[in-house]
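Me: I am new to this structure and would like to know what the terms used for it rest on. Please show it first, then take my questions in turn.

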Amino acid sequence: MSDAAEANESTGDDAKTERERIREQKRRELEARLGDGDALDEGAGTETGDGGAATPDEPIHVNGPDELQRTVDEHDVVLVDCYADWCGPCQMMEPTIEALAAESDAAIAKVDVDANQAVAQQLGARSIPTLVLFAGGEAVDRFVGAQDRATLESAVNEHAA
């Protein structure tokens with residue numbers, strides 16, 4: 001294996017390790033905020049409060065128009081991230097997307113535009129990253145290009161009940 005390949009592989013491992021470290025830190029912070037000493041169930045989401053589907057604490061990978069529609073129908077607020085693995089700004093947004101999935105009241109859906117061109121076209125994603133916010137089953141906001149966490153949190157909170 002070449003030095004460059006090894007460097008790329010270790011960088012990927014480092015990013016994965018960093019992501020796992022951040023998840024664990026956020027998990028501990030959430031448990032501390034609960035204050036009752038109960039640990040969070042692995043993979044547990046946040047209840048919507050109205051008897052709807054629980055909000056997953058990890059992004060939902062959408063593979064097709066039907067899955068997108070089902071996700072939008074099941075959750076009150078959904079932030080859809082149209083991305084590609086090769087896209088630098090998309091990679092830059094990954095920690096923000098992961099954090100929003102873990103901490104916000106919105107379901108986060110990810111659409112790989114290379115693998116799901118029909119969904120990308122349906123969402124009007126002509127450049128990436130494109131993020132579309134759905135509330136009550138309707139697209140209510142759109143962001144094109146890399147966005148800061150505060151902007152996305154504000155948009156989600158505005159539409160979360």
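Me: Which residues does Gly 145 touch, not counting residues up to four places away in sequence?

Reply: Gly 145 touches Pro 129 and Leu 131. Contact here means heavy atoms within 4.5 Å. Gly 145 is found in the loop between β5 (138-144) and α5, and Pro 129 is in the loop between α4 (117-123) and β4 (130-135). The model is predicted: local features need pLDDT of at least 70 and side-chain atom pairs count only at pLDDT 80 or more, while totals for chains, interfaces and linings use all residues. Residues are numbered from 1 along each chain as its sequence is written, and side-chain values use heavy atoms, with hydrogens and water left out.

Me: What joins Ile 128 and Pro 129?

Reply: A cis peptide bond joins Ile 128 and Pro 129, with omega at about -5 degrees.

Me: How many helices and strands does the protein have, and what makes a run count as one?

Reply: The protein has five helices and five strands. Helices are DSSP runs of H or I with at least four residues, strands are runs of E with at least two, and numbering starts from the N terminus. In that direction the elements run α-β-α-β-α-β-α-β-β-α.

Me: Why is Glu 94 called buried?

Reply: Glu 94 has a relative accessible area of 17%. Buried means under 20%, exposed over 50% and partly exposed in between (1.4 Å probe, protein chains only). Glu 94 has its place in helix α3, and buried residues make up 34% of the 161 residues in the protein.

Me: How do you know that the charged end of Lys 110 sits over the ring of Tyr 83?

Reply: The charged end of Lys 110 is 4.1 Å from the centre of that ring. The rule asks for NZ of Lys or CZ of Arg within 6 Å of the ring centre and within 35 degrees of the ring normal. The distance is therefore within the limit, and the pair is listed as sitting over the ring.

Me: Which residues of α3 and α5 meet, and at what angle do the helices pack?

Reply: Met 93, Thr 96, Ala 99, Leu 100 and Glu 103 in α3 meet Arg 149, Leu 152 and Glu 153 in α5. Helix α3 (residues 88-103) and helix α5 (residues 149-159) pack at about 30 degrees, with axes 10 Å apart. Axes are lines fitted to C-alpha atoms, for helices over the stretch in contact, and angles run from 0 to 180 degrees between N-to-C directions.
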